[in-house]
Amino acid sequence: MDAGSYSASSNKKQSRCPLQEQLLQRRNSRENLDRFIPNRSAMDFDYAHYMLTEAGKKGKENPAVSSPSREAYRKQLAETFNMNRSRILAFKNKPPTPVEAIPNEYASSVQQSKSAKPRRHIPQTCEKTLDAPDIMDDYYLNLLDWGSSNVLSIALGSTVYLWDASDGATSELVTVDEENGPVTSIKWAPDGRHIAVGLNTSEVQLWDTTANRLLRTLKGGHRSRVGALDWNNHILTTGGMDGQIINNDVRIRSPIVDTYQGHDQEVCGLKWSASGQQLASGGNDNCLHIWDRSMASSNSTTQWLHRLEDHTAAVKALAWCPFQGNLLASGGGGSDRCIKFWNTHTGACLNSVDTGSQVCSLIWNKNERELLSSHGFTQNQLTLWKYPSMVKVAELTGHTSRVLFMAQSPDGCTVASAAGDETLRFWNVFGTPEVAKPAPKANPAEPFAHQRQTMIR
């Protein structure tokens, strides 16, 4: 469905809404819900039969034949059968007054508040488009992130740029040497000040963006490029082409504290749960692993909690549900095309939806039960799904190449998408929350409280 056709259909739906609401109000009206049953003992069926058969003949088109004797007989008959009354069907008792569970004033106010809530408008075009030259068209990398301080970072070739969403200012953080580049992954720390930069040479750099200073370089953990990163407080988790996953405590000189080995090929997706107890990892071996932090061991390789092999292509897109802690969404590559939902406590697959194209990224709506996915060929679109029905709410088009990366603003309203067409687009897809939550304040003391002033190599 293209943007134009969807816009037309949404307009049709909106045009039908007032009529539907009126129908609903009529059905909910208490005046039409009561059905009164007549008291048959108070009825005179003989008189009713007479009025229907005899009295009905005295219409204007069929005047009845009358005579003095017949008129006298009719009056006597009327007095005998009490025919001078005007009612034929009679109710003996008045209908009981309906008992309302809640006062009318409260019910009407609730109904007005529900009807007053407007249907969220989802713009079909992006709000802003920025050039992103030299962005790597590589499905297995992670080159876009939006920090808690409302600064977006993007890796273009060997350079990391910062874009301040509050004023639109752009700055260059670092350009790595040719022998170390290109940049293969970036990830903001929870404080919104520090950022991790993964390189093609297996190294990971830690930068202070406020001072524009390199703090340290992590070496020796991986044997090839680092394409996936994620933070869990002061723990930086890295995933490499060598299939290894390493937990690094950035506060100490020897940072490696845990090693997870379960993937046979490149690790391209890493996501810690909100609780920080479970880690999801996806790889080019079509496997999805769930790791439990309580099972981690510094002396030996940690065993996974669940090994899930339902996908038939690389698993890069991972997203933990914000309103259900043990619910994980995962997306498969070009030969799989499915979004799957998992109970990470049991390892059960709850649902699977064939999207029809490569799933590159997934983001949950923080304010509604919705999931946003980005895709590759053929439409290169962003699709908004209603959860759990997985009905399509909207399809956003504009990119001309696969939408490899997505990042969500701190307030949860805006989504940035970067594609192989070398554009960075901003979409107001999640709307404005009813009560805006302030962005968490940066805490300069964590996770680099004990970091030395000089760079550690």
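Colleague: Looking at contacts in the protein chain between residues at least 6 apart in sequence, what share join residues at least 24 apart?
Modeller: That share is 49%. Keep in mind that this is a predicted model.

Colleague: How many helices and strands are there in the protein chain?
Modeller: The chain has four helices and 28 strands.

Colleague: And how much of the protein chain counts as buried?
Modeller: 46% of its 457 residues count as buried.

Colleague: What about the accessible surface of the chain?
Modeller: It comes to about 24,200 Å². Carbon and sulfur atoms hold 49% of that area.

Colleague: Switching to charges. How many salt bridges does the structure hold?
Modeller: There are 12 salt bridges. In general, side chains of opposite charge can pair when their charged atoms come close.

Colleague: Which side chain does Arg 225 meet in a salt bridge?
Modeller: Arg 225 meets Asp 138, at 3.1 Å from N to O. The two sit in distant parts of the chain, 87 residues apart. Arg 225 is in the loop between strand S9 (213-218) and strand S10 (226-232). Asp 138 is in the loop between strand S1 (128-131) and strand S2 (144-146).

Colleague: Is Arg 225 buried or exposed?
Modeller: Buried means under 20% relative accessible area. Arg 225 has 11%, so it is buried. Asp 138, at 15%, counts as buried too.

Colleague: Which salt bridge does Lys 187 form?
Modeller: Lys 187 pairs with Asp 230, and the N to O distance is 3.8 Å. This pair also links distant parts of the chain, 43 residues apart. Lys 187 belongs to strand S6 (residues 183-188), and Asp 230 to strand S10. Both Lys 187 and Asp 230 are buried.

Colleague: And Lys 219, what does its side chain meet?
Modeller: Its side chain meets that of Glu 203 in a salt bridge of 3.8 Å, N to O. Lys 219 lies in the loop between S9 and S10, while Glu 203 lies in the loop between strand S7 (194-199) and strand S8 (204-208), so the bridge ties together parts 16 residues apart in sequence.

Colleague: Which residues do salt bridges with shared partners join into one network?
Modeller: Asp 138, Arg 225 and Glu 266 form one such network.

Colleague: New topic. How many cavities of 30 Å³ or more does the structure hold?
Modeller: One. The largest cavity has about 80 Å³ of space.

Colleague: Which residues line the largest cavity?
Modeller: Among them are Ser 202, Val 204, Leu 218 and Lys 219. Lys 219 is the residue that meets Glu 203 in a salt bridge. The lining also includes Gly 220, Gly 221, His 222, Thr 238, Ile 246 and Asn 248. Pro 255 and Ile 256 belong to it as well.

Colleague: How do the residues of that lining divide by type?
Modeller: Five are nonpolar, six polar and one charged.

Colleague: Now the backbone. Which residues does the cis peptide bond with omega of about 0° join?
Modeller: It joins Gly 181 and Pro 182. Pro 182 is in the loop between strand S5 (170-175) and S6. The peptide bond from Tyr 387 to Pro 388 is cis as well, with omega near 10°. Pro 388 sits in the loop between strand S24 (382-386) and strand S25 (391-396).

Colleague: And phi for Asn 286, positive or negative?
Modeller: Positive, about 70°, although Asn 286 is not a glycine. Most residues other than glycine have a negative phi. Asn 286 lies in the loop between strand S15 (278-283) and strand S16 (288-292). It is partly exposed, at 25% relative accessible area.

Colleague: What is phi for Arg 337?
Modeller: It is near 65°, again a positive value in a residue other than glycine. Arg 337 is in the loop between strand S19 (327-332) and strand S20 (338-343). At 29% relative accessibility, Arg 337 counts as partly exposed.

Colleague: Last one. Where is Thr 432?
Modeller: Thr 432 is in the segment after strand S28 (423-427). It counts as exposed, with 69% relative accessibility. Its C-alpha atom is 8.5 Å from that of Asn 367, which is 65 residues apart from it along the chain.

How values were computed
Residues are numbered from 1 along each chain as its sequence is written. Side-chain values use heavy atoms; hydrogens and water are left out. On a 1 Å grid over the protein atoms alone, a cavity is a set of points where a 1.4 Å probe fits but cannot get out, and a pocket is an open set with protein on both sides within 12 Å along at least five of seven lines; lining residues have an atom within 4 Å of a point. Grid points are joined across faces, edges and corners, and a volume is the space filled by probe spheres set on the points. Ala, Val, Leu, Ile, Met, Phe, Trp, Tyr, Cys and Pro count as nonpolar, Asp, Glu, Lys and Arg as charged, and the others, Gly among them, as polar. A salt bridge is a side-chain nitrogen of Lys or Arg within 4 Å of a carboxyl oxygen of Asp or Glu. Buried means under 20% relative accessible area, exposed over 50%, partly exposed in between (1.4 Å probe, protein chains only). Contact means heavy atoms within 4.5 Å. Accessible areas come from the Shrake-Rupley method with a 1.4 Å probe; for residues, only the protein chains shown count as cover.
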